[in-house]
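Take a look at the protein below. This report walks through how its parts meet.

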Amino acid sequence: MAGRNHLYVPGPTNAPDSVLSAMHVPMEDHRAPDFSELVKPLLEDLKKVFRTEKGQVFLFPATGTAGWEVAMTNTLSPGDKVLSYRFGQFSHLWIQSAQRMGLDVEYHEVPWGEGVPLEHLEQRLQEDTNHEIKGLLICHNETATGVTNDLAAIRRILDATGHPALFMIDGVSSIGSIEFRMDDWGVDVALTGSQKGFMLPAGNAYVCFSPKALEKRHTAKCPRSFLNIEDQIQANQTGYFPYTPNTSMLHGLRQVLNLLLAEGMDNVYARHHRLAEGARRAVLDGWGLTLCARDPKWYSDSVSAIVVPEGFDARDVMHVAYNRYNLSLGGGLSEVAGKVFRIGHMGDLNELMLAGAIVGAEMAMRDAGIDLKPGSGITAAMEYWRDTAPPVPGK
Ligand SMILES: *Cc1c(COP(=O)(O)O)cnc(C)c1O
């Protein structure tokens, strides 16, 4: 098929051309005396994306899924109680990972489309006067439903109840795209992967530990070998890794950090918000459809899960989009399979790129028999983006 595939799954995201070029380098000696000159600044600059000065970031040649394990094995012991909420496929998988590791997982079901119920959380932490809960596992942005949780509010609850549980965050579809503040929000462990906000191929997990979480490695008894941060701490000190890193990706990461930090993290968040808001105008005002996220307070700026009308199968929309228009949309996972399709709007993106996804989704929905006013989605998005366009320099 001529032309580009339009990639709007919520990860892997579109990689900037300069990042792709940066990775196109010969293989190299990862023990060379000057290799540390590449690595040390990477580890320092990663902290700026996590918004931490006190924390330490580790880089594993693995995916976000391994990040869950890095977070838990290095801080907890088998049988330790952790508290979590299940409100989508990714919060579900993290809970499953914790169970597999032998943790005692107390989790509560939340309707998919909602986020962490703050009153419930406050009550559970208050009741836990003996501090049996050792960790609180929260998926910041549930990629399956397009729901973002208010981590600052959760931190306030931890503080108000004086609860010492480790505050652990899956930030795979938030860090590097939507607002995340490790230090300000008192996060103890935050993890992400390379193929979402970081605009790289899958294959790196970035995991940040607070000083408090770092200390836990001395008492945590979960078995760990490859994912042991102790080995990383030793090797990272001199700018190396305990085993062979993916050197091409490190060069890509260098370029990603250059781009993100030049734009400024606050500007990155603002750009994602404005683009996402345009997509939401298309869905809500243009098409008159609903989002899986049930309340605006949960709307995600990195992914929108769009509910197809009763009697239609979202999978038909996705198939038409891919086969007829070369547009990749995200599918509905598990409980919401067939009910929603997703537009990922994170990473290297501008208005006109996202316009392609909106137009393609509208054509595919109409082809699948959904009755929509032609052009209604993109009109709503265009008008919002025009109204909020940044001033042209010099005018
Ligand atoms: C994509 C994703 C994951 C899984 O990451 P992998 O890199 O595929 O292992 C975990 N959590 C969230 C919130 C995600 O979006």
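## Where two domains meet

Across the interface of domain 1 and domain 2, the rule finds four salt bridges. A salt bridge here is a side-chain nitrogen of Lys or Arg within 4 Å of a carboxyl oxygen of Asp or Glu. The model is predicted: local features need pLDDT of at least 70, side-chain atom pairs count only at pLDDT 80 or more, and totals for chains, interfaces and linings use all residues. Residues are numbered from 1 along each chain as its sequence is written, and side-chain values use heavy atoms, leaving out hydrogens and water.

Domain 1 covers 6–12 + 265–387, and domain 2 covers 17–262. These bounds come from an automatic or database domain assignment. The domain centres, taken over C-alpha atoms, are 27 Å apart. In contact (heavy atoms within 4.5 Å) are 27 residues of domain 1 and 32 residues of domain 2.

The two domains bury about 2,400 Å² between them, with 59% of it on carbon and sulfur atoms. Buried area is the accessible area (1.4 Å probe) that two parts lose on being put together, summed over both. Met 265, Tyr 269 and Trp 298 supply 28% of the area that domain 1 buries against domain 2, more than any other three residues.

## Salt bridges

The structure holds 23 salt bridges. Two of them are listed here.

| Salt bridge | N to O distance |
|---|---|
| Arg 51 and Asp 266 | 3.2 Å |
| Glu 335 and Arg 86 | 2.6 Å |

Glu 335 sits in the loop between strand 13 (327–329) and strand 14 (340–344), and Arg 86 in strand 3 (residues 81–86), so the pair ties together parts 249 residues apart in sequence. Helices (H or I, at least four residues) and strands (E, at least two) are DSSP runs, numbered from the N terminus.

Arg 51 lies in the loop between helix 2 (36–50) and strand 2 (56–60). Its phi is near 60°, a positive value in a residue other than glycine.

## Two crossing helices

How do helix 9 and helix 10 cross? The axes of helix 9 (residues 247–263) and helix 10 (residues 265–286) come within 5 Å and cross at roughly 85°. That makes helix 9 roughly perpendicular to helix 10, a label for angles of 65 to 115 degrees. Axes are lines fitted to C-alpha atoms, for helices over the stretch in contact, and angles run from 0 to 180 degrees between N-to-C directions.

Leu 260, Leu 261 and Glu 263 in helix 9 meet Met 265, Asn 267, Val 268 and Arg 271 in helix 10.

Definitions and conventions: Parallel < 35°, antiparallel > 145°, perpendicular 65-115°, else oblique.
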